[in-house]
Amino acid sequence: FGKVAKELSEVEAKKSPLQVKIDELGRLLALASSAGICGMAVLGWWMGRPFLETVTVAVSLAVAAIPEGLPICVTVTLALGVLRMARHQAIVKKLPAV
């Protein structure tokens with residue numbers, strides 16, 4: 001029993017290509033929003049705004065830029081794709097039937 005549990009704990013779960021692409025998109029959105037936020041903070045400081053106000057605006061933009069709707073958008077897109085496949089009768093219950 002100990003060997004099986006040990007071997008199962010060492011198995012790494014691989015990500016699907018879709019999960020990899022979603023991770024890449026999230027990383028790209030985070031980098032783009034971070035660059036924009038830093039630019040806004042520098043612009044506010046350069047315009048002579050108070051430091052605390054500039055930091056508050058930058059933090060609020062950072063919180064707003066988090067892509068919390070990304071999983072919902074992906075789920076809806078996948079569901080629409082499945083509906084389109086169902087219309088063309090492309091969904092099978094048994095993979096060996098393909």
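Modeller: Keeping in mind that this is a predicted model, we can begin with a nonpolar surface patch of about 1,200 Å², which is made by Met40, Leu43, Trp45, Trp46, Met47, Phe51, Val55, Val57, Val59, Leu61 and Val63.

Colleague: Which helices each supply at least two residues of that patch?

Modeller: Those are α2, which covers 17-46, and α3, which covers 51-64.

Colleague: And which one gives the most?

Modeller: That is α3, which contributes six residues to the nonpolar patch.

Colleague: Take Val63, then: buried or exposed?

Modeller: Val63, which lies in helix α3, counts as exposed because its relative accessibility is 54%, and the cut-off for that class is over 50%.

Colleague: What about Thr54, where does that one lie, and is it buried or exposed?

Modeller: Thr54 also belongs to helix α3, but Thr54 counts as buried, because its relative accessibility is 10% and buried means under 20%.

Colleague: What is Thr54 in contact with, leaving aside its neighbours within four places in sequence?

Modeller: With those neighbours set aside, Thr54 is in contact with Ala41, Gly44, Trp45 and Arg49, and of these Trp45 is also one of the residues that make the nonpolar patch.

Colleague: Changing topic, what is the phi of Gln89, and where does Gln89 sit?

Modeller: Gln89 has a positive phi of about 55°, although this residue is not a glycine, and its place is in the segment that comes after α4, the helix covering 70-87.

Colleague: Buried or exposed, that Gln89?

Modeller: Gln89 is exposed, since its relative accessible area is 73%.

Conventions: Residues numbered from 1 in each chain as written. Predicted model: local features only at pLDDT ≥ 70, side-chain atom pairs only at ≥ 80, totals over all residues. Heavy atoms only, no water. Patch = residues over 30% accessible without salt bridge, like charges linked within 9 Å, V, L, I, M, F, W, Y side chains within 5 Å. Areas by Shrake-Rupley, 256 points an atom, 1.4 Å probe, with all protein chains shown as cover. Salt bridge = Lys/Arg side-chain N within 4 Å of Asp/Glu carboxyl O. Helix = DSSP H or I, 4+ residues; strand = E, 2+ residues; numbered from the N terminus. Buried < 20%, exposed > 50% of the residue type's maximum accessible area, 1.4 Å probe, protein only. Contact = heavy atoms within 4.5 Å.
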